[in-house]
Amino acid sequence: MSDPVAIGIDIGGTKLVAATVAADGRLIERHRRETPAHDTALLLQTLRASIRQLAAGRTDLPVGIGIAGLVSPDGVIRYGPNIGVRDVAIAEELADTTSAPIAVTNDASAAALGEQRAGAAQGHRDVVMFTLGTGVGGGIVVGDRLLLGANGFAAEIGHLIVAEGGRRCPCGARGCIEAYASGTAIGRVAAERAAAHDGPTVLRDVPMPTGRDVSQAALAGDELAQQVLVEAGTWLGVAAASLVNLLDPEVLLVGGGAALATSRWIVPAATEALQQRMLGNAWRVAPAFELAALGDDAGMVGAAMLALDRAGAAAPHGSRS
Ligand SMILES: [Zn+2]
């Protein structure tokens, strides 16, 4: 029998990427389509076409799907706001494409598994990943298995509360880490700091700065922008301290394009804040923050790995050697 292979699909807000992925994370064949948003029938049709094209006649390949939203472990997308879907039994709908398991999970969780199996955290069995983007996403791998929770809603790291009564989060609560370290939050904080700041900063001339504006200003040498990123990094470290106390991971990953570009400000601040707050910090070294390595492929690779786990066909991996 040939080596285990699965199909991994990442359904993003605008694009749908899919590939056949080997058990070691190697991409065999890949393609990309536009995501048909707000049209469940067309989305299912697109997924079927993707799977059949990649399967090339085989009907026994496990299929893994990552999607932004709340997904229950039985493969039902409860709510995918970016793609405009609600209560779609996606695994059941696609059961006619393969005789193997179809695994569906949140895209950020899928990305964490992808990085743990084939990216920046390869060789580690316990991993926490933060993805800093428009919001803050994340994923948790415990003992080489993706943490899904009873309802599939685990690892909503963005809504870990770091400041009771703090800044308002898009979820409706106050003080979530997303309200301090997302691109949106970084832009808002920058606008406030720029308005209250006497010294020079290019951010004062930007009406509604985004995280990207702040990143670009920081990279161009704007000290206020750099300070705002250090502040966001500190909050990330505060969140990480609770997660490290809870889960004792070997490594903490940071992903998201803007975070990678500005890691020189975010990561040292996060590391310092973590080291100060972590339990037992006098006699214990904090796990390092590492940068994610797979970029946009992480979710697709991780979804395939989850499908292989589900099929019980994954190759040996995650050794501590
Ligand atoms: Zn929140």
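This is a predicted model: local features need pLDDT of at least 70, side-chain atom pairs count only at pLDDT 80 or more; totals for chains, interfaces and linings use all residues.
Residues are numbered from 1 along each chain as its sequence is written, and side-chain values use heavy atoms, with hydrogens and water left out.

Alanine 258 belongs to helix α8 (residues 257–261); helices here are DSSP runs of H or I with at least four residues, strands are runs of E with at least two, and both are numbered from the N terminus. Between alanine 258 and glycine 183 there are 75 residues of sequence separation, yet their C-alpha atoms are 7.8 Å apart in space. Helix α5 (residues 183–195) contains alanine 191, which is partly exposed because its relative accessible area is 30%. A contrasting pair is alanine 191 and alanine 155, 36 residues apart in sequence and 30 Å apart from C-alpha to C-alpha.

The metal site comes next. Four atoms coordinate the zinc ion at 2.0 to 2.4 Å: ND1 of His159 and the SG atoms of Cys169, Cys171 and Cys176. Donors are taken as N, O and S atoms within 2.8 Å of the metal (3.2 Å for Na, K and Ca), and since water is not among the atoms, sites may look incomplete. Along the chain, the donors follow the spacing H-x9-C-x1-C-x4-C. The arrangement is tetrahedral because the 4 donor atoms subtend angles of 105 to 120° around the zinc ion; for four donors, this class requires all angles to lie between 85 and 135 degrees. For orientation, the ideal angle at a metal with four tetrahedral donors is 109.5 degrees.

Turning to the strands, an open sheet is formed by 5 strands in the order β11-β10-β9-β12-β13, with mixed pairing; two strands pair if DSSP finds at least two bridges between them. At the edges stand β11 (145–146) and β13 (288–291), each of which pairs on one side only. Within this sheet, strands β9 (residues 127–132) and β12 (residues 251–255) run parallel and are joined by 5 bridges. Threonine 131 has glycine 255 in β12 as its bridge partner.

Strand β2 (residues 15–22) runs antiparallel to strand β3 (residues 27–34), with 7 bridges between them, and threonine 20 faces glutamate 29 in β3. The β2 and β3 hairpin has 4 residues between its strands, and in its turn glycine 25 shows a positive phi of about 95°. Valine 88 sits in strand β7 (residues 85–89), opposite isoleucine 77. Valine 88 is buried, because its relative accessible area is 8%; its C-alpha is 5.5 Å from that of valine 76, a residue 12 positions away in sequence.

Alanine 155 has a phi of about 65° and is placed in the loop between β11 and α4 (178–181). Alanine 155 counts as buried because its relative accessibility is 13%. Aspartate 248, with a positive phi near 50°, lies in the loop between α7 (223–247) and β12. At 52% relative accessibility, aspartate 248 counts as exposed.

Finally, the model holds 1 cavity of 30 Å³ or more. A cavity is a set of points on a 1 Å grid over the protein atoms alone where a 1.4 Å probe fits but cannot get out, and lining residues have an atom within 4 Å of a point. The volume of the largest cavity is about 30 Å³, counted as the space filled by probe spheres set on grid points joined across faces, edges and corners. Its lining includes Ile7, Ile51, Arg58, Asp60 and Thr97.

Conventions: On a 1 Å grid over the protein atoms alone, a cavity is a set of points where a 1.4 Å probe fits but cannot get out, and a pocket is an open set with protein on both sides within 12 Å along at least five of seven lines; lining residues have an atom within 4 Å of a point. Four donors count as tetrahedral if all angles lie between 85 and 135 degrees; four count as square planar and six as octahedral if opposite donors are over 155 degrees apart and all others between 65 and 115; anything else is irregular. Buried means under 20% relative accessible area, exposed over 50%, partly exposed in between (1.4 Å probe, protein chains only).
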